[in-house]
Number of protein chains: 4
Amino acid sequence: MSFGTLRNYVGGKWVSSKSTQFLDVRNPATDEVLAQVPLSTKQEVNEAVSEAKKAFTEWREVPPVVRARYFFNLRNLLEEHFEDISRLLVQENGKTLAEARGSMRRAVEMVEVSAGIPSLMMGHNLEDIAPGIDCVAVRQPLGVFACITPFNFPAMVPLWFLPFAVACGNTFVVKPSEQTPLCQKRIFELMHDVGFPPGVVNMVNGAKDAVNALLENKDVIGVSFVGSSPVARYVYETAGKRGKRVQALGGAKNFLVVMPDADLDSTVAALIDSCFGCAGERCLAGSVLVAVGDVYDKLKAKFLEAAKKVVVGYGLDEGTTMGPVISRKHKEKVLGYIASGVRDGAGLLLDGRNVKVNGYPNGYFVGPTVFENVEPSMPIAKEEIFGPVVSLMRVASLEEALELISQNEFGNATSIFTQSGGAAREFAYRVGISMIGINIGIAAPMAFFTFGGAKGSFFGDLKAHGRDSVEFFTDKRVIISRWF
Amino acid sequence: MSFGTLRNYVGGKWVSSKSTQFLDVRNPATDEVLAQVPLSTKQEVNEAVSEAKKAFTEWREVPPVVRARYFFNLRNLLEEHFEDISRLLVQENGKTLAEARGSMRRAVEMVEVSAGIPSLMMGHNLEDIAPGIDCVAVRQPLGVFACITPFNFPAMVPLWFLPFAVACGNTFVVKPSEQTPLCQKRIFELMHDVGFPPGVVNMVNGAKDAVNALLENKDVIGVSFVGSSPVARYVYETAGKRGKRVQALGGAKNFLVVMPDADLDSTVAALIDSCFGCAGERCLAGSVLVAVGDVYDKLKAKFLEAAKKVVVGYGLDEGTTMGPVISRKHKEKVLGYIASGVRDGAGLLLDGRNVKVNGYPNGYFVGPTVFENVEPSMPIAKEEIFGPVVSLMRVASLEEALELISQNEFGNATSIFTQSGGAAREFAYRVGISMIGINIGIAAPMAFFTFGGAKGSFFGDLKAHGRDSVEFFTDKRVIISRWF
Amino acid sequence: MSFGTLRNYVGGKWVSSKSTQFLDVRNPATDEVLAQVPLSTKQEVNEAVSEAKKAFTEWREVPPVVRARYFFNLRNLLEEHFEDISRLLVQENGKTLAEARGSMRRAVEMVEVSAGIPSLMMGHNLEDIAPGIDCVAVRQPLGVFACITPFNFPAMVPLWFLPFAVACGNTFVVKPSEQTPLCQKRIFELMHDVGFPPGVVNMVNGAKDAVNALLENKDVIGVSFVGSSPVARYVYETAGKRGKRVQALGGAKNFLVVMPDADLDSTVAALIDSCFGCAGERCLAGSVLVAVGDVYDKLKAKFLEAAKKVVVGYGLDEGTTMGPVISRKHKEKVLGYIASGVRDGAGLLLDGRNVKVNGYPNGYFVGPTVFENVEPSMPIAKEEIFGPVVSLMRVASLEEALELISQNEFGNATSIFTQSGGAAREFAYRVGISMIGINIGIAAPMAFFTFGGAKGSFFGDLKAHGRDSVEFFTDKRVIISRWF
Amino acid sequence: MSFGTLRNYVGGKWVSSKSTQFLDVRNPATDEVLAQVPLSTKQEVNEAVSEAKKAFTEWREVPPVVRARYFFNLRNLLEEHFEDISRLLVQENGKTLAEARGSMRRAVEMVEVSAGIPSLMMGHNLEDIAPGIDCVAVRQPLGVFACITPFNFPAMVPLWFLPFAVACGNTFVVKPSEQTPLCQKRIFELMHDVGFPPGVVNMVNGAKDAVNALLENKDVIGVSFVGSSPVARYVYETAGKRGKRVQALGGAKNFLVVMPDADLDSTVAALIDSCFGCAGERCLAGSVLVAVGDVYDKLKAKFLEAAKKVVVGYGLDEGTTMGPVISRKHKEKVLGYIASGVRDGAGLLLDGRNVKVNGYPNGYFVGPTVFENVEPSMPIAKEEIFGPVVSLMRVASLEEALELISQNEFGNATSIFTQSGGAAREFAYRVGISMIGINIGIAAPMAFFTFGGAKGSFFGDLKAHGRDSVEFFTDKRVIISRWF
């Protein structure tokens with residue numbers, strides 16, 4: 001299957017890029033080329049922004065209750081095409097089919113929640129702030145917003161932003177990952193069928209130049225970014241330099257703490273899913289398992305036993321429980337981390353470097369990899385690997401676990417496994433991280449809660465989806481009135 | 001009266017700066033030196049941040065309902081010292097006493113609203129986000145915040161931030177204006193008497209170096225800035241570069257639109273207050289009066305008549321209705337704008353350049369100044385003057401007025417004067433500015449609403465005081481739990 | 001077309017009533033019998049409640065986000081059957097097709113808003129209400145709720161309650177009007193197709209005995225009622241006697257105030273729709289037109305002219321702009337009011353008593369009827385007529401209009417027609433009525449706002465749909481925890 | 001100390017009742033007569049309501065931010081008189097001084113939270129509910145509200161209602177308990193000093209006739225009641241009959257569940273406080289201790305040991321940890337329950353009937369009383385005793401405990417003692433009661449959360465204090481506007 005050369009969606013039409021630069025989109029399990037993605041030029045980005053700007057005034061005047069209906073309809077089309085987009089997601093990204101479906105479900109939920117915009121975007125008001133003077137704070141949309149999204153959840157992440165922004169009355173430009181642009185192609189085809197007025201939703205394929213064009217365009221009011229922390233910092237600073245609203249979600253190094261009283265069987269199942277699900281390419285993936293007290297040996301044994309049962313393969317094949325990483329280049333990076341761990345003296349309990357998958361000799365597979373005797377100062381213990389590589393550490397107490405976590409620069413997600421209400425409360429109260437799981441491997445806030453991290457994992461204040469979205473995508477205009 | 005050399009308030013103590021640089025604080029009506037303010041060093045700022053950081057953990061654990069009580073008590077002390085701080089404000093800033101009292105009232109209201117923190121900082125939650133899994137989003141404070149504030153409301157503006165931040169459980173550093181540091185000195189004396197634990201509230205006097213030290217210190221989680229737009233942009237970018245939360249309120253050029261059906265007597269009273277109150281040194285001050293249709297001549301006559309009645313003088317003297325501008329240097333800047341207006345061919349209807357005030361030969365006085373025949377391209381029509389200089393413009397329709405406003409780079413506040421519900425709605429719906437008055441000269445949101453502008457007048461998303469404050473000063477930590 | 005004998009929907013099945021009492025459902029335009037509706041017995045009601053109670057525990061454990069999906073699906077089916085239900089609504093109720101579609105649109109919106117339940121039913125929480133003690137207020141559903149609904153909006157009114165209650169996790173029993181049970185029959189068929197678990201949604205046809213059975217059944221936690229004020233009072237008291245939650249929406253007498261500055265053409269169009277739309281059988285219908293000052297004569301002339309153009313007929317026939325009233329008996333009541341007006345000395349400007357509609361000799365038609373010289377003490381000026389009968393009154397000032405309105409026992413809706421922002425504010429501030437229109441004939445809050453009146457038009461505190469629904473259908477359970 | 005004959009506070013003045021009926025107010029520890037309370041007549045109640053009604057229009061027009069200041073000031077006076085009111089509370093009610101101070105602290109918190117009314121009473125709004133049509137839901141006060149309060153928290157309970165109602169702009173009438181009217185006398189003296197405009201706050205002493213007068217007066221918009229369940233039911237029904245808003249908080253029978261993993265020392269301390277604090281005269285008092293599994297024997301031993309250490313005496317005497325019950329009559333009732341327990345065959349482990357307190361031979365003392373072998377069907381196990389009488393029960397599992405609790409007609413509060421997060425969640429999720437403690441003996445929501453029970457313990461929907469208060473005391477008036 002090949003999709004040929006991808007086009008951009010601008011002003012309600014599919015348009016071919018005039019770029020002279022293209023990248024191959026490859027199936028990471030087969031190395032097969034699925035499509036060519038254009039690296040659109042600054043001018044092409046500006047044209048999309050311009051179309052979005054033109055569409056704004058009319059779209060903003062469409063009543064919220066009517067705007068919501070576009071999302072009711074989009075929701076229906078996404079349900080109808082749920083399975084084919086899920087399969088496409090496997091092909092461009094390398095997830096298993098179950099994982100792809102899971103992320104599509106989350107994507108649909110974003111659309112569902114944004115369909116509640118008439119309730120969500122209400123402002124507030126008070127009579128008589130002074131005698132005879134009233135004040136009404138109205139939420140008004142602001143204009144053109146854009147998002148720049150990563151390869152790991154190509155169907156879902158753009159929908160963390162677009163539905164909320166557009167339901168609020170803004171117009172939008174998506175710059176999908178150039179590594180995984182196909183799901184958005186499909187989703188924009190559905191949005192086209194939904195009949196959004198031209199210019200309300202736009203997509204421009206591209207890479208660094210397209211990003212910079214969005215960051216520099218004065219008509220882009222705000223930017224939502226999801227990716228690695230260095231790029232998140234760059235986006236945050238650059239958008240800031242231009243005076244834009246910006247929310248930049250970066251990388252992660254997530255610690256999963258296992259207390260001695262944890263139910264080990266359930267815990268290990270959750271840990272395996274957290275660490276090896278999506279081949280570790282999740283900003284919520286567990287990366288360091290912190291065993292508290294004497295649970296270490298039992299945990300290690302059970303975890304290793306379960307890790308060995310992970311079935312690496314092509315996501316569309318039945319029985320596969322872990323797919324490849326996204327690219328050859330990324331595989332090299334992950335293998336580099338494993339090598340560094342070995343070099344630094346960590347104990348390699350399970351080595352995923354030489355995994356072979358029958359029938360897919362060219363896939364970018366890395367098997368489950370587990371280290372022990374890891375020091376906090378080692379790169380494998382403190383940097384984001386974004387692959388199926390786990391470090392086991394042991395500490396004497398919850399106190400020590402909290403200290404260990406506090407030293408890491410990231411602060412995206414973390415979890416504790418325990419039966420103790422007290423330990424759970426202590427952990428959530430003190431850990432200083434924004435997405436917290438209690439006996440949950442992947443602490444992902446749903447569409448109606450806010451998604452985003454702390455410390456080096458998030459730059460901004462208002463986060464993704466949930467209530468923060470409405471805050472980010474609107475301005476509370478305060479109208480103070482008296483009559484004489 | 002002289003206050004000698006001012007000290008910083010750090011870690012619960014008044015400490016002398018080790019700086020070798022000092023500025024004179026002068027009474028703008030008399031040119032008298034009131035005090036010497038130290039330009040604290042980077043190290044002194046860092047010490048204050050360090051004290052604030054140390055105080056955070058314990059302060060955060062004080063229940064919100066108890067933290068609120070510090071503000072109930074501060075409110076009482078502010079009421080008790082309302083008059084003496086108001087008089088001090090006149091002396092360091094040049095306001096009239098009535099204006100000083102007005103801004104103190106607003107300051108007290110900030111403290112009053114922040115005393116409602118147990119209700120305001122609640123998070124939200126939902127049972128069964130999945131079977132047996134619950135989600136609680138808890139608002140947690142983040143650590144050390146800081147504000148950098150301007151000369152024009154020296155008592156009030158720091159209290160736009162500190163009470164909310166501290167009531168939320170953060171600790172705080174204020175960098176007051178080096179031109180007007182005295183009111184904060186008094187207010188921090190009162191905070192000392194309230195008995196905040198050492199390190200919870202801190203103040204460091206200083207100028208650019210102190211600002212940069214705050215922007216660079218990695219332990220400062222977020223910065224609130226109020227000042228001119230160029231500095232606001234600088235702060236926004238620089239704090240962004242360091243990954244901080246930031247809200248930067250900049251300058252303004254506020255258009256006041258008068259419709260033909262406006263009640264002219266009430267309107268002119270409001271316009272005079274808006275344009276000449278606080279000598280025009282307000283980010284909400286009216287600067288361009290836009291007369292729609294045939295109201296121009298009547299408006300001009302009545303406005304001029306009223307402007308001529310403005311009594312320029314020392315704020316502490318009875319009968320004064322307008323004081324001096326803040327400094328000799330700023331007076332020169334304002335006079336420069338008047339000269340540019342003349343040069344550019346605008347019609348100078350009332351010239352405030354040679355105002356004399358008996359008994360205050362050295363005061364920085366500028367009298368009410370009114371231009372007509374002003375073109376949108378003239379600096380007096382588009383730049384922030386921050387003095388008692390007004391441009392009269394005429395347009396044919398509300399449509400034209402909206403167009404005129406939309407071309408200006410700023411977007412802080414604007415007002416319409418009309419009896420028509422329809423015109424008011426149209427204006428508020430389309431003007432694209434964040435603080436909107438209907439028959440209100442100064443469209444100032446009260447402490448329980450959000451304060452901040454749009455376009456080139458504000459950089460960030462969450463604004464000052466009101467609900468946004470709680471969002472800005474807390475992180476919604478999402479706790480997802482199941483038990484097995 | 002005949003639907004034969006209607007059945008109840010209980011425990012997921014259509015069941016025939018064992019009642020021995022039946023009423024004919026008639027098409028009010030043709031007098032044709034459409035169906036027989038059983039007057040179900042107390043025992044049948046109790047069985048429905050029992051099924052609902054059995055279904056509660058499991059339904060409540062379905063995650064809100066999943067419960068919402070039943071409403072996404074119901075919304076789709078309602079859209080699919082929008083036209084046929086609208087036509088059925090015309091047949092059983094007598095509306096015009098445009099009116100029927102309008103009320104169906106409102107009905108669909110209820111379902112749309114309730115699909116946002118994950119956002120809407122969140123509780124709130126605060127850490128450290130005392131040191132180490134946290135408090136979470138969780139919204140939990142309560143069990144079985146029921147609604148008792150009127151003839152005038154047979155498709156819409158049950159959906160003011162059921163979707164919100166059921167989305168919150170409760171189970172439900174609808175007792176539709178015995179005069180117009182057909183739309184609910186169809187809607188329950190669609191709910192059956194949606195696949196709600198058996199017992200979650202139930203419908204029992206019947207009249208007074210069924211009402212009493214619901215009011216007396218101890219397993220019914222709360223009752224929502226819409227109907228006339230005397231019955232609303234009875235329901236409020238009787239449910240109160242049983243300790244139930246209750247919200248009872250009663251009758252109305254709505255005053256529409258026309259100021260001298262009103263745009264008369266637009267105003268009259270709105271008045272005609274308000275007074276004669278749905279043949280006046282709306283709790284929001286205008287009933288008394290209050291002309292302020294010298295607008296009276298012009299208003300009277302234009303209103304009469306427009307009233308004469310109303311085309312009375314069968315709602316399914318093209319060109320009809322007003323249909324019949326609901327029943328022969330109700331027609332007699334309306335005619336009785338007209339006679340009383342004549343008897344009391346009011347001036348009958350337009351007499352709708354002898355209206356003839358070609359081809360529908362047996363329809364319950366009443367033509368537009370307009371009185372003038374009406375005294376506030378006359379029954380036509382103060383009682384609810386629920387027919388196309390309007391009284392014109394004149395007052396000298398807005399003050400007098402407010403006084404006139406304040407004397408009426410009802411307080412459902414009211415409107416002012418004016419161009420003045422000041423008059424509108426004054427009116428809304430002082431009128432003391434809960435649904436207020438500014439240049440709006442039918443001041444109907446949409447699904448995301450709260451619906452219900454004041455004074456003698458509403459009994460309870462929490463109203464219908466909007467945020468109040470979630471409050472009414474859930475209990476905020478406060479969980480206070482510490483761990484040691 | 002004698003207060004003589006108490007007066008009412010009506011229309012801003014202290015007025016002597018014209019009643020011919022008086023009751024003695026007695027110190028329950030000494031039997032000394034403290035005052036005579038008049039049983040005011042219906043006419044006196046009506047006069048108070050009339051004064052309140054007259055005061056409403058002007059009070060409602062006072063801006064919320066200014067109304068709030070009355071409560072800032074009241075808060076200061078309450079702090080100033082904290083100790084003397086606490087001591088008075090001991091004298092009229094019999095609490096210990098520590099208990100009195102605790103309830104005064106809660107009372108002050110109500111005032112503190114109500115001072116946040118500008119934030120709390122905001123309405124909500126949305127632009128473009130249809131093209132060009134906006135909707136604003138404004139919270140408006142309604143008129144005169146009243147509360148009828150019990151003897152057990154004479155200072156606090158009226159302040160559950162009055163501050164919120166009055167801060168919202170309503171006017172108010174308090175009918176305090178005729179058994180304990182003295183604290184309200186003092187608090188109304190302070191409110192007088194605060195300077196509320198005449199008629200805004202009123203107090204009428206009295207008993208059943210006064211209650212009925214309030215329930216029947218058509219100008220009383222709503223009634224808040226706290227007392228026993230039979231009277232709560234009566235008030236709910238009777239106010240309902242008159243179409244009023246009503247919230248009626250009734251009695252309780254609170255089960256405290258102790259799991260085998262509970263920390264027994266901390267648990268027993270909490271249980272003792274819960275069961276014997278305020279001599280058991282709290283609607284949140286623990287009454288049945290449910291030991292799960294094998295914890296029974298240890299719990300029994302430790303609880304008995306601690307119960308024996310309770311020091312019964314006069315609340316003003318140092319060392320007293322439990323005071324008398326409210327009256328001789330109530331003591332007889334409590335003793336009757338103990339006798340019934342003995343008669344029914346329960347095992348009397350600790351008998352408080354013959355407690356003697358040195359120096360207070362006439363006090364209404366009952367000592368801590370503990371039963372075991374209690375059957376659910378015995379009155380001591382299912383009825384509200386409102387005295388220091390505890391039943392120990394044992395069950396095999398949490399499941400059984402939940403079943404036991406579900407059978408009781410009341411549903412005010414309940415607690416679980418455990419270290420298990422899972423057990424706590426299961427309990428809170430399933431227990432179906434509105435105030436839930438996790439390792440908390442008295443699950444009292446603070447002023448910023450909502451207070452009220454479920455099942456036979458509460459009648460209504462909106463509860464006391466917290467957010468519900470604002471809902472109960474305001475009407476969300478929906479203003480729908482368009483302009484032409």
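## Helices 2 and 3 of chain B

Helix 2 of chain B and helix 3 of chain B are roughly perpendicular to each other, a label that covers angles of 65 to 115 degrees, while angles under 35 degrees count as roughly parallel, over 145 as roughly antiparallel and the rest as oblique. The axes of helix 2 (residues 64-80) and helix 3 (residues 82-93) of chain B come within 4 Å and cross at roughly 65 degrees. Axes are lines fitted to C-alpha atoms, for helices over the stretch in contact, with angles from 0 to 180 degrees between N-to-C directions. Helices (H or I, at least four residues) are DSSP runs numbered from the N terminus.

In this contact (heavy atoms within 4.5 Å), B:Leu78, B:Glu79 and B:Glu80 of helix 2 of chain B meet B:Phe82, B:Asp84 and B:Ile85 of helix 3 of chain B. By class there are three nonpolar, no polar and three charged residues; Ala, Val, Leu, Ile, Met, Phe, Trp, Tyr, Cys and Pro count as nonpolar, Asp, Glu, Lys and Arg as charged, and the others, Gly among them, as polar.

## Basis of the model

The model is predicted: local features need pLDDT of at least 70 and side-chain atom pairs count only at pLDDT 80 or more, whereas totals for chains, interfaces and linings use all residues. Residues are numbered from 1 along each chain as its sequence is written, chains are lettered from A and ligands numbered from 1 in the order in which they are written, and side-chain values use heavy atoms, leaving out hydrogens and water.

## Helices 2 and 6 of chain A

In chain A, the axes of helix 2 and helix 6 (residues 158-167) come within 9 Å and cross at roughly 150 degrees. That makes helix 2 of chain A roughly antiparallel to helix 6 of chain A. Helix 2 of chain A contributes A:Arg67, A:Phe71 and A:Leu78, and helix 6 of chain A contributes A:Leu159, A:Leu162, A:Pro163, A:Val166 and A:Ala167. These residues divide into seven nonpolar, no polar and one charged.

## Helices 14 and 15 of chain C

The axes of helix 14 (residues 398-407) and helix 15 (residues 421-430) of chain C come within 11 Å and cross at roughly 25 degrees. Helix 14 of chain C is therefore roughly parallel to helix 15 of chain C.

C:Leu398, C:Glu399, C:Leu402 and C:Ile405 of helix 14 of chain C meet C:Ala423, C:Glu426, C:Phe427 and C:Arg430 of helix 15 of chain C. This contact has five nonpolar, no polar and three charged residues.

## Relations between chains

Chain A can be laid on chain B with an RMSD of 0.0 Å by a turn of 180 degrees and a shift of 0.0 Å along the axis, which is the relation of a two-fold axis. Superposition is by least squares on the C-alpha atoms of residues with pLDDT of at least 70 in both copies. The same surface serves both copies, as 100% of the contact residues of chain A recur in chain B.

How values were computed: Helix = DSSP H or I, 4+ residues; strand = E, 2+ residues; numbered from the N terminus.
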